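User: I have a model open and want to go through one site in it. Can you walk me through the residues there?

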Amino acid sequence: MWRQLLPVGRNSASGGYRRFAWTGADADCRDWFREQARRRGLTYEVDRNGNQWAWLGDPAAGDAVVTGSHLDSVPDGGAFDGPLGVVSAFAALDELRRRGVRPVKPLGIVNFGDEEGARFGLACVGSRLTAGALTVDQAHRLTDADGITLPQAMETAGHDPDAIGPDPVRLGRIGAFVELHVEQGRALDLTGDRVGVASAIWPHGRWRFDFRGEANHAGTTRLADRHDPMLPYAETVLTARQEAERAGAVATFGKMAVEPNGVNAVPSLVRGWLDSRACDQERLDTVVGGVERAARAYAAAHDVQLDVERESFTPVVEFDHTLRDGIARILGKDAGLKVPVLGTGAGHDAGILAGRVPTAMLFVRNPTGVSHSPAEFAAEDDCVAGVLALADVLEGLAAP
């Protein structure tokens, strides 16, 4: 399965993946998912929001145990973020069948659409729509860099955009959702553990900083006469790092746009996007508040205007404690091991569903801690350990 999926959407120049929602690469990934379901004799369906499902048993029976993740990627992302959870889900089902396990509850595997938000700028679109965390009107207003709307992209790909919206009946049939994911950090590597259980997703958000100055000639305009928005922006980037270090959080300006974007022109606009995450809301507020105060002071010093807009925000997500503790017991029952429980600063579909159904996550060791990069990696034996752990969890939940 892994070898079949590896070439899909891979960029030969960067070595990374460009599997963006409702594109040709995304369609190839969806074909792969459908074929995996067919090979195993599973019931295959696509829900109203474009998410793919494969079922063993009748989902209408309720109290279903579901696992899976996503297959799309960030620009030039790695091979493991998302796909590892889907591949492992099918492999875990194969392992259950090898063991002769007969689930007494429906067992589902899901591929959530547009988790990374690389094309339309909003993460977890498929799961947000399903959970009602994204309205139909909001979804219809999403556009990509070429001005193509989400409904247009869905329709071109053969999916009816008029059907999208909350799906409470589907969610009401799920008794537990468990998402396996490569760890996006090095906590497990530092402890020497192959697999861990998630405790919570840190609160996180994205803020857009628009520094507006005055375009002018780079060669003829005196430094004293300039209103250069690049200068306060640069100072703000450095301040974000300092504020994050003081608070024990993270803050990143990873995307920017410049107008008129000429080598020989003083910019008129520098737009930067701040991504910040922390283990609790107080620390996050401290970081973002400190960055904004400093940015306004820098802008004023350079006679530049500044607008700040919060584009997205997700509060802390605590995973279901009963499910989390039950999974830890299942994984530690044979060897009597204490399974590591750790938080994460990354958002996931599991975090979106957590407010609607009991949800948990498993992490597989990432020896470098690198993610959202072609260098993302997990060793094969650790991946196998993740599959076996997921199989144990599915057996404990669906065939107790």
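The annotated site

Analyst: His 372 lies in the loop between β15 and α13 (helices, H or I of at least four residues, and strands, E of at least two, are DSSP runs numbered from the N terminus). This is a predicted model, where local features need pLDDT of at least 70, side-chain atom pairs count only at pLDDT 80 or more, and totals for chains, interfaces and linings use all residues. Residues are numbered from 1 along each chain as its sequence is written, and side-chain values use heavy atoms, with hydrogens and water left out.

User: Is His 372 buried, exposed or partly exposed?

Analyst: His 372 counts as partly exposed because its relative accessibility is 40% (buried is under 20% relative accessible area, exposed over 50%, partly exposed in between; 1.4 Å probe, protein chains only).

User: Which side chain does His 372 join in a polar contact?

Analyst: The side chain of Asp 81, at 3.0 Å (a polar contact is a pair of N or O atoms within 3.5 Å; within protein, one must be able to donate a hydrogen and the other to accept it, and residues adjacent in sequence count only if both atoms are side-chain atoms).

User: What does UniProt list for "binding site"?

Analyst: The unreviewed UniProt entry lists Asp 81, Glu 116 and His 372. They span 292 residues in sequence, yet no two of their C-alpha atoms are more than 9.9 Å apart, so they gather at one spot.

User: And Glu 116, where is that found?

Analyst: In the loop between β4 and α4 (125-131). Glu 116 counts as buried, at 11% relative accessibility.

Notes
UniProt positions are given in the numbering used here, feature names are shortened, and annotations may be inferred rather than shown by experiment.
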